[in-house]
Amino acid sequence: MFYYFIQINIKILLVLMIFGFLMGRARQSAWKNFSGKTGGYLLLDFFNLIGTPVHELSHLFFALLFGYHIDKVCLYRRIKTAKKNGGTLRFVKMHYEGSGLLHSLRRDVGLFFIGVGPLLLPPVLLFLCGLLLPDSLQALPSAFRGGANSFFKALQQLDSADIIIMFAYLYVIISVSMNMELSRQDLHMAAKGLLVLEVLFLLLSVLAFLAGWQLDTFIDFLFQWNLLISFVGIICGLTFHLISLLSA
């Protein structure tokens with residue numbers, strides 16, 4: 001009866017939390033290593049230019065989705081400006097109005113999704129951006145699965161415009177991935193709604209058992225997608241961390 005409840009918690013929530021923690025640690029360490037260096041600040045600003053607004057827009061999207069009222073939004077600050085304002089690169093200030101059981105459930109579940117929003121929405125945006133790429137670039141993942149020779153042959157067939165687009169897309173992936181980390185405030189916000197979300201997952205598992213629903217394919221799809229984005233994000237974060245160590 002509790003099979004799907006356990007699967008959701010292990011394959012979806014656990015992966016999200018571990019990924020958010022690892023990305024946060026790598027980013028904080030890189031921030032410290034680059035601290036006080038003009039070149040380091042410029043590099044951080046360069047990779048924050050797209051990723052930071054996407055991070056905060058993820059919070060904003062789920063806040064609006066769950067009926068929160070937005071008080072103030074800041075999507076981007078340069079590192080030096082942020083240090084003068086308590087280290088905050090971006091923020092969304094919000095509040096919830098409404099009383100009663102349904103409003104309480106909506107508010108608390110919303111807190112979880114608002115908190116982990118930077119781990120949920122950016123992968124979807126990257127996927128949608130990938131659909132806009134030229135066919136020659138969209139064929140690269142299939143060529144990679146076909147082996148090194150197939151992959152390098154596909155790379156050799158790219159023209160100059162394709163190469164420029166490929167590096168631009170890689171920059172977007174790195175920038176967004178490096179800003180998918182969860183801050184302490186994000187984790188605190190998500191934890192407030194976690195209990196209610198767990199109750200809903202438990203009810204879903206019981207309903208699936210009683211109704212004979214098969215959720216394995218859906219859960220496995222989310223699990224594989226989470227692993228893919230987590231792998232890319234962690235590799236980008238660790239690479240950036242290594243660069244910061246070498247420059248220290």
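Arg90 forms a salt bridge with Glu56, and the closest N and O atoms of the pair are 3.4 Å apart. A salt bridge here is a side-chain nitrogen of Lys or Arg within 4 Å of a carboxyl oxygen of Asp or Glu. The two residues belong to distant parts of the chain, 34 residues apart: Arg90 sits in the loop between H3 and strand S2 (91–95), and Glu56 in helix H2. Both Arg90 and Glu56 are buried. Buried stands for under 20% relative accessible area, exposed for over 50%, and partly exposed for what lies in between (1.4 Å probe, protein chains only).

The model is predicted: local features need pLDDT of at least 70, side-chain atom pairs count only at pLDDT 80 or more, and totals for chains, interfaces and linings use all residues. Residues are numbered from 1 along each chain as its sequence is written, and side-chain values use heavy atoms, with hydrogens and water left out.

The whole structure holds 3 salt bridges. Another of them joins the side chains of Asp45 and Arg78, at 3.4 Å from N to O. Asp45 lies in helix H2 and Arg78 in the loop between strand S1 (69–74) and helix H3 (79–84), so this pair ties together parts that are 33 residues apart in sequence. Asp45 is buried at 8% relative accessible area, whereas Arg78 is partly exposed at 45%. A salt bridge also connects Asp108 and Arg107, at 3.2 Å from N to O. Asp108 is buried, with a relative accessible area of 17%, and Arg107 is partly exposed at 31%.

What is the overall layout of the chain, counted in helices and strands? There are 10 helices and 2 strands, and from the N terminus the order of elements is α-α-β-α-β-α-α-α-α-α-α-α. Helices (H or I, at least four residues) and strands (E, at least two) are DSSP runs, numbered from the N terminus. Of the 248 residues, 40% count as buried. Among contacts between residues at least 6 apart in sequence, 79% join residues at least 24 apart; contact means heavy atoms within 4.5 Å.

The interior comes next. A nonpolar core is a set of buried Ala, Val, Leu, Ile, Met, Phe, Trp, Tyr and Cys residues joined through side-chain atoms within 4.5 Å. The largest such core has 32 residues, of which Tyr68, Phe112, Ile114, Leu119, Leu197 and Ile219 touch the most other members. Helix H1 (3–34), helix H2 (38–65), H4, H8 and helix H9 (184–211) are the elements that give two or more residues to this core. The greatest contribution is that of H4, with 8 residues.

Apart from neighbours within four places in sequence, Ile114 is in contact with His59, Phe62, Ala63, Tyr68, Met94 and Met189. A second, separate core has 7 residues, including Leu140, Ala143, Leu158 and Met166. Leaving aside neighbours within four places, Leu155 is in contact with Leu140 and Met166. Leu155 is partly exposed, with a relative accessible area of 24%, and its C-alpha atom is 8.8 Å from that of Ser136, 19 residues away along the chain.

Leu13, in helix H1, is buried at 7% relative accessible area. Residues up to four places away not counted, Leu13 touches Ile8, Phe112, Leu194, Leu197, Glu198 and Phe201. Two packed helices are described by the angle between their axes and the distance between the axes. The axes of helix H4 (residues 101–131) and helix H8 (residues 160–178) come within 11 Å and cross at roughly 175°. That makes H4 roughly antiparallel to H8, a label for angles over 145 degrees, with under 35 counted as roughly parallel, 65 to 115 as roughly perpendicular and the rest as oblique. Axes are lines fitted to C-alpha atoms, for helices over the stretch in contact, and angles run from 0 to 180 degrees between N-to-C directions. On the H4 side the contact is made by Pro122, Leu126, Cys129 and Gly130, and on the H8 side by Tyr169, Val172, Ile173 and Val176. These residues divide into 7 nonpolar, 1 polar and no charged. Ala, Val, Leu, Ile, Met, Phe, Trp, Tyr, Cys and Pro count as nonpolar, Asp, Glu, Lys and Arg as charged, and the others, Gly among them, as polar.
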